Amino acid sequence: MGGEDGHHGGRDALLSGQAIEPLKVEGGQQVVDLIEKIYAHSGFNARRLADACRIYCRMLEDRTTVALTMAGAMTPIGMSGPIIELIRNGFVDFIISTGANIYHDLHRPFDLPMVQGHWAVDDNALAEEGVDRIYDVFITEDESLDVTDEVFRNALMTIPADTPISTAQLHHHLGRVFGQVAPHPEKSFLVAAAEHDVPVYTSSPADSSVAIAAVVPYIHEHRILIDPMMDLMETTAIVWNAEKNGVVELGGGSPKNFYLQTQPIIWMAFQKDLASGGHDYFIQLTTDAPHWGGLSGATPQEAKSWGKIKDAAVNNAVVYSCASITFPLLAGYVLSKQPPLPPKRLFGRRESLVNQFIEEGRRSPRLREQWDRAQAFLDKYPKLKDLWK
């Protein structure tokens with residue numbers, strides 16, 4: 001197509017792209033050569049992955065505040081490793097993950113078995129043997145899951161149950177605890193995040209085995225108070241304060257939208273023109289297609305209509321392939337091409353950033369108008385408050 005964004009510019013422009021020749025696969029190529037000399041010279045999702053690699057490099061060169069979002073089962077198949085290296089090199093500044101990825105991150109640091117199995121298996125036989133399956137990954141209930149539950153339960157007991165906290169505070173504390181007690185803390189991305197002050201959020205904190213581990217303390221009156229609104233305010237304040245924002249999304253799901261919604265919140269508070277806002281960079285590695293209408297498969301072009309993306313055509317790449325294949329290649333490419341960056345250590349700045357955002361919001365005429373209308377509504381229907389009783 002005529003340019004990276006595919007805009008029509010006449011026949012000559014349409015045919016100005018690089019000619020596609022037989023690819024030279026000679027063996028022994030390193031990741032950079034594989035991306036630059038093969039994938040970038042090909043088509044379909046191979047070239048989309050090459051585009052994503054270039055965009056990630058531009059993000060880092062632009063000193064962008066980079067978020068990593070994770071859905072699906074990434075850590076059960078070993079993806080903690082690439083994440084740890086990206087954190088250590090300053091290439092990820094905060095993370096939004098499902099709780100499941102955090103839970104399964106902790107098996108290897110405690111030497112708990114998780115092994116390759118097979119997808120074509122008798123699951124009744126697995127159940128009889130006390131083996132759980134994540135597609136072709138096998139985990140024992142007694143030797144792995146029960147022990148991991150206890151690991152989390154014990155760590156949760158060290159958190160005071162008297163003050164609301166964000167999931168970033170929860171995971172930072174857990175990472176510090178596991179860094180002290182795990183035999184192999186270097187195998188946990190949660191530990192690496194705590195060491196580098198990378199905030200880790202969970203957009204649905206009650207939907208994982210981490211929350212299940214909190215049931216016993218809850219029943220016995222040790223009730224940890226997690227406030228999802230603190231997560232919303234902290235992630236929005238981080239994005240609002242950054243000069244440039246970008247994201248690498250593994251899959252879709254709740255983590256995807258939890259990150260993207262920060263821009264409409266900022267627009268709601270401060271901006272007059274929806275078209276002027278949005279994230280600067282967007283990369284998604286996904287198997288979800290857009291034509292089903294779900295959020296996981298929604299394209300950055302669709303996100304532009306919501307004010308979530310700055311430009312519908314520039315600095316965006318969606319790679320339609322399994323992230324188990326594409327994420328190690330993407331990570332390997334940027335780790336090979338880009339020098340390490342100093343960590344932004346956003347965890348320690350969260351409270352200050354939120355306070356700045358709140359102070360600015362209180363001066364916003366838009367938010368004041370919305371607040372006044374809400375108060376007028378309550379004045380008009382005073383009996384509605386009694387419904388809560």
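The model is a predicted one, in which local features need pLDDT of at least 70 and side-chain atom pairs count only at pLDDT 80 or more, while totals for chains, interfaces and linings use all residues. Residues are numbered from 1 along each chain as its sequence is written, and side-chain values use heavy atoms, with hydrogens and water left out.

Six strands form an open, parallel sheet in the order β6-β2-β1-β7-β8-β9. Helices (H or I, at least four residues) and strands (E, at least two) are DSSP runs, numbered from the N terminus, and two strands are taken to pair if DSSP finds at least two bridges between them. The edges are held by β6 and β9 (316-320), each of which has a single partner strand, so one side of each is left without a neighbour in the sheet. From one strand to the next, the twist averages 15°. Within the sheet, β7 (residues 245-250) and β8 (residues 281-286) pair in the parallel sense over five bridges. V247 has F282 in β8 as its bridge partner.

Helix α3 (residues 44-61) lies across β1 (65-70), β7, β8 and β9, and runs at about 140° to β9. Axes here are lines fitted to C-alpha atoms, for helices over the stretch in contact, and angles run from 0 to 180 degrees between N-to-C directions. For burial, the cut-offs are under 20% relative accessible area for buried, over 50% for exposed, and in between for partly exposed (1.4 Å probe, protein chains only).

Two helix pairs show contrasting geometry. Two packed helices are described by the angle between their axes and the distance between the axes. Angles under 35 degrees count as roughly parallel, over 145 as roughly antiparallel, 65 to 115 as roughly perpendicular and the rest as oblique. The axes of α13 (residues 253-260) and α14 (residues 262-270) come within 4 Å and cross at roughly 25°; α13 and α14 are therefore roughly parallel to each other. Their contact (heavy atoms within 4.5 Å) is made by F258, Y259 and L260 of α13 together with T262, Q263 and P264 of α14. For α12 (residues 228-241) and α17 (residues 350-362), the axes come within 8 Å and cross at roughly 80°, which makes α12 roughly perpendicular to α17. On the α12 side, the residues that meet α17 include M233, I238 and W240; those of α17 that meet α12 include L353, F357 and I358.

The cysteines come next. A disulfide is a covalent bond between the sulfur atoms of two cysteines. With a disulfide defined as a pair of cysteine sulfur atoms within 2.5 Å, the structure holds zero disulfides. The sulfur of C53 has its closest cysteine sulfur in C57, at 7.1 Å, which is too far for a bond. C53 is buried at a relative accessible area of 0%, and C57 also counts as buried, at 6%.

S208 sits in the loop between β6 (200-202) and α10 (209-213) and is buried, with a relative accessible area of 11%. Its side chain reaches the backbone nitrogen of V210 at 3.2 Å. Apart from neighbours within four places in sequence, S208 is in contact with G99 and A100. T299 lies in the loop between β8 and α15 (300-305) and counts as buried at 17% relative accessibility. Leaving aside neighbours within four places in sequence, T299 is in contact with P290 and Y320. T299 and S16 are 283 residues apart in sequence and, C-alpha to C-alpha, 26 Å apart in space.

Backbone angles also deserve a look. Most residues other than glycine have a negative phi. R63, in the loop between α3 and β1, has a positive phi near 55° and counts as exposed at 54% relative accessibility. D111 is found in the loop between α5 (99-104) and β3 (114-116). The phi of D111 is also positive, at about 55°, and D111 is partly exposed, with a relative accessible area of 48%.

Methods: A polar contact is a pair of N or O atoms within 3.5 Å; within protein, one must be able to donate a hydrogen and the other to accept it, and residues adjacent in sequence count only if both atoms are side-chain atoms.
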